[in-house]
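Please open the model in the viewer and keep the selection panel at hand.

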Amino acid sequence: MPKRPVRGPVPIYQMIVNAVKDDIAAGRLKAGQQLPTEADLGETHAASRLTVRKALGVLRDEGLIYTVRTEGSYVGPEDAPKIRPAWPREEVAAAVVADIRRGDFKTDEVLPSETEMMEKYGVAKKTVRAALALLREQGWVYTVPAIGTFVATPDKWPDA
């Protein structure tokens, strides 16, 4: 998005709205694509966070974007597949799934400890826990409290 020109008769929030609309129309922003963060939009347009939020509110009201709490705003419609880089928890989960598929971890076998996974994947404990939660949600693993996390049987896997 180009930087805004010297302030004129158009309010700053409307300039941001127009810039996002122009990017959507020109194909620089596609359905499902994540918009820049509020901070990035504010820096690009020399606007306060409040002004950026007002602009995003207008775009939401017009149905051009939608916002997911803790993720950010995306170009609508909401049912469009999200276009964004994978989060670290998703990358770790994908690596564990690849290990399971390759046979490195067998059914009902305990996975490495959180500390071992932190070292292997170079991420924080919180990220490992989030990855394991994602894998549990998808059916790849199950956890026995105070014992560990185990590989689920193949019939529980999402593509079974």
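This is a predicted model: local features need pLDDT of at least 70, side-chain atom pairs count only at pLDDT 80 or more; totals for chains, interfaces and linings use all residues.

Residues are numbered from 1 along each chain as its sequence is written, and side-chain values use heavy atoms, with hydrogens and water left out.

Select residues 65-68 (strand 1) and 72-75 (strand 2), which run antiparallel and are joined by four bridges. Strands pair if DSSP finds at least two bridges between them; strands are DSSP runs of E with at least two residues, helices runs of H or I with at least four, numbered from the N terminus. Val68 has Gly72 as its bridge partner. In the turn of three residues, Thr70 has a positive phi of about 70°.

Next, display Tyr66 and Tyr74: their ring centres are 5.6 Å apart and their planes at 20°, so the pair is stacked (centres within 6.5 Å, using the six-membered ring of Trp; planes under 30 degrees apart are stacked, over 60 edge-to-face, the rest tilted). Tyr74 is buried at 0% relative accessible area (buried is under 20%, exposed over 50%, partly exposed in between, with a 1.4 Å probe and protein chains only).

**The tryptophans.** Select Trp140 and Trp157, whose ring centres lie 4.9 Å apart with planes at 35°, so this pair is tilted. Trp140 lies in the loop between helix 6 and strand 3, and Trp157 in the segment after strand 4, 17 residues apart. Trp140 is buried at 3%.

**The helix pair.** Finally, select Glu114, Met117 and Met118 in helix 5, which meet Lys125, Val128, Arg129 and Leu132 in helix 6 (contact means heavy atoms within 4.5 Å).
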